[in-house]
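Hi,

Here is the structure I promised to send over. Have a look at it first, and my notes follow below.

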Amino acid sequence: MSTHRIIFLAILCLLAGSTDAASKRFFTDFLQDLPTPGTGGPTFDTTIGTNITGLVGKTVKLTCRVKNLGNRTVSWVRHRDIHLLTVGRYTYTSDQRFEAMHSPHAEDWTLRIRYAQRKDSGIYECQISTTPPIGHSVYLNIVEPVTDIIGGPELHINRGSTINLTCIVKFAPEPPPTVIWSHNREIINFDSPRGGISLVTEKGVLTTSRLLVQKAITQDSGLYTCTPSNANPTTVRVHIVDGEHPAAMHTGNNGNSTASQPPVLLPLVLLTCSTLMLLQLVASCSTHVPATPPGRRPVHQARTLAKEKARGQRSTRNWNCQDLQEVEESQDLRRRGVEWSPVPGT
């Protein structure tokens, strides 16, 4: 046995037999700072996953595995506020959702978070009390899956047709193990005497569950609920109707439909048509109707037509090209200062 080892063992025996409290504390601290004999000191097992995804309201566990820990301690620290959460098997936070978990002689040191919330997302560090301390970071992401039924919240289905309800589960950390459908809060029995009910579920990053109910009848109306095992449920209300129904009922989106909106372009089209007809009438008058010799009508009739045209009022008789021409001639002569009167003998 080497001299150094003998001296070391002698010091240990001396300190172990001492009753002085200060000597015992020194002995403990001294051993903590020494590496475990035969090893290069404590290390982290990097094969453990460092990206953890949890669900809102569920329990999530963060685990770090330490090799050759010796007499050192393992702590969990939250980076967001540099808050010490656990030391060894003791919890150092007033938030009772956090708890330290460790089995004697095991290498795993776990931080358990119950009723996880979105604000719990972030970086957590597993630290070993070496000098200086060494750490291993774990990123936690708390997500809330979204469940949706296409066409909801209300659907109108014709009697005798097939009810096709498609439930989609998004943002789940893993596909839901099961998807349960219920009708009016009762789980649907696919072996019921009603028959014609089937379910097709496709799992993946985007999980879809399709419920088919053939030959819809009035009793099939009601509330249908899609409940994934790892996400929140969602509902849709189905109405079984006879024959055609208003277009607004097809949308399934609060009854809104563009079919119920008034035609905005109709007044513009009517105005355009009226303008074109007036222009065509004026053009035909200037092209096909010969000029009427002045004096064929009494002056007061020409004035009456002019006043009616100026006021935009409708005459008791039909307007024609001759009327328009006489009005224009009368207005032109009045601008020149000439007053026409009936020709004698007409």
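**What I found**

Of the contacts (heavy atoms within 4.5 Å) in the protein chain between residues at least 6 apart in sequence, 60% link residues at least 24 apart. Bear in mind that this is a predicted model, where local features need pLDDT of at least 70, side-chain atom pairs count only at pLDDT 80 or more, and totals for chains, interfaces and linings use all residues. Residues are numbered from 1 along each chain as its sequence is written, and side-chain values use heavy atoms, with hydrogens and water left out.

The protein chain has five helices and 19 strands (DSSP runs numbered from the N terminus: helices are H or I with at least four residues, strands E with at least two). Buried residues (under 20% relative accessible area, 1.4 Å probe, protein chains only) account for 30% of its 346 residues.

Strand S3 (residues 60–67) and S8 share six bridges, in the antiparallel sense, and Arg65 sits opposite Asp108 in S8.

What lines the second largest cavity? The residues are Val74, Trp76, Thr86, Gly88, Ala100, Met101, Trp109 and Thr110. Strands S4 (74–78), S7 (98–101) and S8 (108–113) are the elements that each give two or more residues to that lining. A cavity here is a set of points on a 1 Å grid over the protein atoms alone where a 1.4 Å probe fits but cannot get out, and lining residues have an atom within 4 Å of a point.

Cheers

Definitions and conventions
1 Å grid on protein atoms, 1.4 Å probe; cavity = no way out; pocket = protein on both sides within 12 Å on 5 of 7 lines; lining within 4 Å. Buried < 20%, exposed > 50% of the residue type's maximum accessible area, 1.4 Å probe, protein only. Pairing = 2+ DSSP bridges.
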